[in-house]
Amino acid sequence: MKKFFRNAVFALVLLFLYAPILVLIIYSFNDSKIMGSWSGFTLKWYAMLFKDRYILEALYYTIVVALVATTVSTIVGTLSAIGIYNMHSKRRKPYLFMNNIPVLVPDIVMGITLMSLFIFISIKMGLTTLIIAHITFCIPYVILAVLPRFNRLPENIFEAALDLGATPKQAFWKVLFPEILPGITSGALIAFTLSIDDFVISFFTTGNSVTNLSITIYSMAKAGINPKINALSTIMFACIMILLIIINIRSGRSVKQTP
């Protein structure tokens, strides 16, 4: 009886969480513009979506920012994780504490802080500031994804490779890098997902000439419920879900491979 009650409560929680998303997805295929009135199945909102120049431009900037931010944050985050791992445990703690601050600080505080910094150093708001902001909040997540892989490594594996005749470059690329690659991949996927999904920080750090999909959806929603918003939100939700599934599958494989 207790097990049935727990399962029922869990099912109700899932229904409460995902019912709005399910309704949004269903009405993205509704022929009517009015929410709550089903007029038949259609794909016209998706067709209109991909003919909207404003949305396509926002999609372009979203992908460009996400790719650049993911690439830079993955490289910097991986190098930072290597440096933190090689520190003494007492020196490592302050750096881990500082790395966790951007993760725990509310997005609105992070956004206002970055906006104030850009204004203080006289950087014009636009694509550059948006990319810098996304790199800034993605790096801590990459570090947190890569560091656990080092904790699973055999002790002194790098020194052992050097003792067996490998050069430092060979020891890194042929011994160390393959071991931490799953963490690097997970960190990159997380960074890409966060960049696409971000709204608050982007809102404070972009200019009038540059906008991403999250800001575009917000701007369109202020004018009223537009079925194209449902279609765009459905596509974004599907992309994020695919990335999360890939992350979970890779994490599961990494756990199974760990002795």
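## Aromatic pairs

Across the whole structure, a search finds 9 aromatic pairs; the model is a predicted one. One of these pairs is formed by F29 and F41, whose ring centres lie 5.3 Å apart with their planes at 10°, and because planes under 30 degrees apart count as stacked, this pair is stacked. Both F29 and F41 sit in the loop between α1 (2-27) and α2 (44-49), 12 residues apart, and the pair is therefore described as linking distant parts of the chain. F29 is partly exposed, with a relative accessible area of 22%, whereas F41 is exposed, at 58%.

Another pair is that of F199 and F203, where the ring centres are 5.6 Å apart and the planes stand at 40°, so the pair is tilted. F199 is partly exposed, with a relative accessible area of 26%, and F203 is likewise partly exposed, at 41%. These two residues belong to one aromatic cluster, which F199 and F203 form together with F204 and Y218.

In soluble globular proteins, nonpolar side chains tend to be buried together. In this model, the largest nonpolar core holds 28 residues, and of these L114, V146, L147, F150 and I201 touch the most other members. At least two residues of this core are supplied by each of α3 (53-85), α5 (107-120), α6 (127-151) and α8 (168-197), and α6 gives the most, with 12 residues.

Leaving aside residues up to four places away in sequence, F150 touches A81, I82, Y85, L176 and I180.

## The largest pocket

The largest pocket has a volume of about 260 Å³. Its lining consists of I82, Y85, N86, F150, L153, P154, E155, N156, I157, F158, E159 and L176, and these residues divide into 8 nonpolar, 2 polar and 2 charged. At least two lining residues come from each of α3 and α7 (157-163), with α7 providing the largest share, 3 residues.

Notes: Residues are numbered from 1 along each chain as its sequence is written. This is a predicted model: local features need pLDDT of at least 70, side-chain atom pairs count only at pLDDT 80 or more; totals for chains, interfaces and linings use all residues. Side-chain values use heavy atoms; hydrogens and water are left out. A nonpolar core is a set of buried Ala, Val, Leu, Ile, Met, Phe, Trp, Tyr and Cys residues joined through side-chain atoms within 4.5 Å. Buried means under 20% relative accessible area, exposed over 50%, partly exposed in between (1.4 Å probe, protein chains only). Helices (H or I, at least four residues) and strands (E, at least two) are DSSP runs, numbered from the N terminus. Contact means heavy atoms within 4.5 Å. On a 1 Å grid over the protein atoms alone, a cavity is a set of points where a 1.4 Å probe fits but cannot get out, and a pocket is an open set with protein on both sides within 12 Å along at least five of seven lines; lining residues have an atom within 4 Å of a point. Grid points are joined across faces, edges and corners, and a volume is the space filled by probe spheres set on the points. Ala, Val, Leu, Ile, Met, Phe, Trp, Tyr, Cys and Pro count as nonpolar, Asp, Glu, Lys and Arg as charged, and the others, Gly among them, as polar. Rings of Phe, Tyr and Trp (its six-membered ring) pair if their centres lie within 6.5 Å; planes under 30 degrees apart count as stacked, over 60 as edge-to-face and the rest as tilted.
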